[in-house]
Amino acid sequence: MSELTFYAGQIEVSMNTGIDIQDITDDLQRLTTASGVAEGTLNVTVIGSTGSVTTIEHEPGVVQDLKRAVDQLAPPGQVYAHEQAWHDGNGHSHVQAALLGPSIALAVRNGRVRLGTWQQVVVLNHDNKARKRKVDVSIFGIRAEA
């Protein structure tokens, strides 16, 4: 009989001043393997209001394209109400992170994070200073039968 299980883990990612994009795919697979889940769902959540998570092909061209697109959606140097209240220079960072979102859910199949050939999971730091981003990982599913 299959056993339903829950596994929780965390990754810490050292990130440069935003927009910085780091691949965490290998870390997620390591946690998935440690969980013993064969079939289920992996949830990834970056902690903090100026960080986000998504999937891309993590290669220099796409990374540059994503950075440019995000900066065009919520450009630094614009007038943001957040700036007027807090004067910390990162109003754009909060908006950028909100547009991409703090979490994603991915399938786990045969004990592997289910991604396309050229698809990786990345964390983004949008803040105007370097950060150590904490990424919470929750894995739910059926354990492999012994």
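Which residue in S6 is the bridge partner of Arg-109? I looked it up, and the partner is Arg-112.

**Ground rules.** I am working on a predicted model, where local features need pLDDT of at least 70, side-chain atom pairs count only at pLDDT 80 or more, and totals for chains, interfaces and linings use all residues. Residues are numbered from 1 along each chain as its sequence is written, and side-chain values use heavy atoms, with hydrogens and water left out.

**Five-stranded sheet.** I read helices and strands as DSSP runs numbered from the N terminus (helices are H or I with at least four residues, strands E with at least two). Two strands count as paired if DSSP finds at least two bridges between them. With that, I get an open sheet of 5 strands, ordered S1-S8-S3-S5-S6, with antiparallel pairing. S1 and S6 (112-113) are its edge strands, each pairing on one side only. S5 and S6 run antiparallel and are joined by 2 bridges.

**Three-stranded sheet.** I also find an open sheet of 3 strands, in the order S2-S7-S4 and again paired antiparallel. S2 (20-23) and S4 (51-56) each have a single partner strand, so one side of each has no neighbour in the sheet. The twist from one strand to the next averages 30°, where axes are lines fitted to C-alpha atoms (for helices over the stretch in contact) and angles run from 0 to 180 degrees between N-to-C directions. I count 4 bridges between S2 and S7 (residues 120-125). Across that pairing, Asp-20 sits opposite Asn-125 in S7.

**Core.** Next I checked the nonpolar cores, meaning sets of buried Ala, Val, Leu, Ile, Met, Phe, Trp, Tyr and Cys residues joined through side-chain atoms within 4.5 Å. For burial I use relative accessible area: buried is under 20%, exposed is over 50%, partly exposed is in between (1.4 Å probe, protein chains only). The largest core has 21 residues, and among those with the most contacts inside it are Ile-24, Leu-42, Val-121 and Val-137. Two or more residues come from each of S1 (4-15), H1 (25-35), S3 (37-46), S5 (103-109), S7 and S8 (131-143). S3 gives the most, with 4 residues. In soluble globular proteins, nonpolar side chains tend to be buried together.

**Salt bridges.** I searched the whole structure and got 4 salt bridges, each a side-chain nitrogen of Lys or Arg within 4 Å of a carboxyl oxygen of Asp or Glu. In one of them, Asp-27 meets Arg-30 with the closest N and O atoms 3.8 Å apart. These two are 3 residues apart in H1, so about one helical turn separates them. Asp-27 is partly exposed at 27%, and Arg-30 is partly exposed at 47%.

Arg-68 and Asp-65 form another, at 3.0 Å from N to O. They are 3 residues apart in H2 (residues 60-73), again about one helical turn.

**Surface patch.** Last, I noted a nonpolar surface patch of Leu-73, Val-95 and Leu-99, with about 290 Å² of accessible area together. Patches take residues with over 30% relative accessible area and no salt bridge, joining like charges within 9 Å and nonpolar side chains (Val, Leu, Ile, Met, Phe, Trp, Tyr) within 5 Å. Areas come from the Shrake-Rupley method with a 1.4 Å probe; for residues, only the protein chains shown count as cover. Val-95 lies in H4 (residues 91-100) and is partly exposed at 33%.
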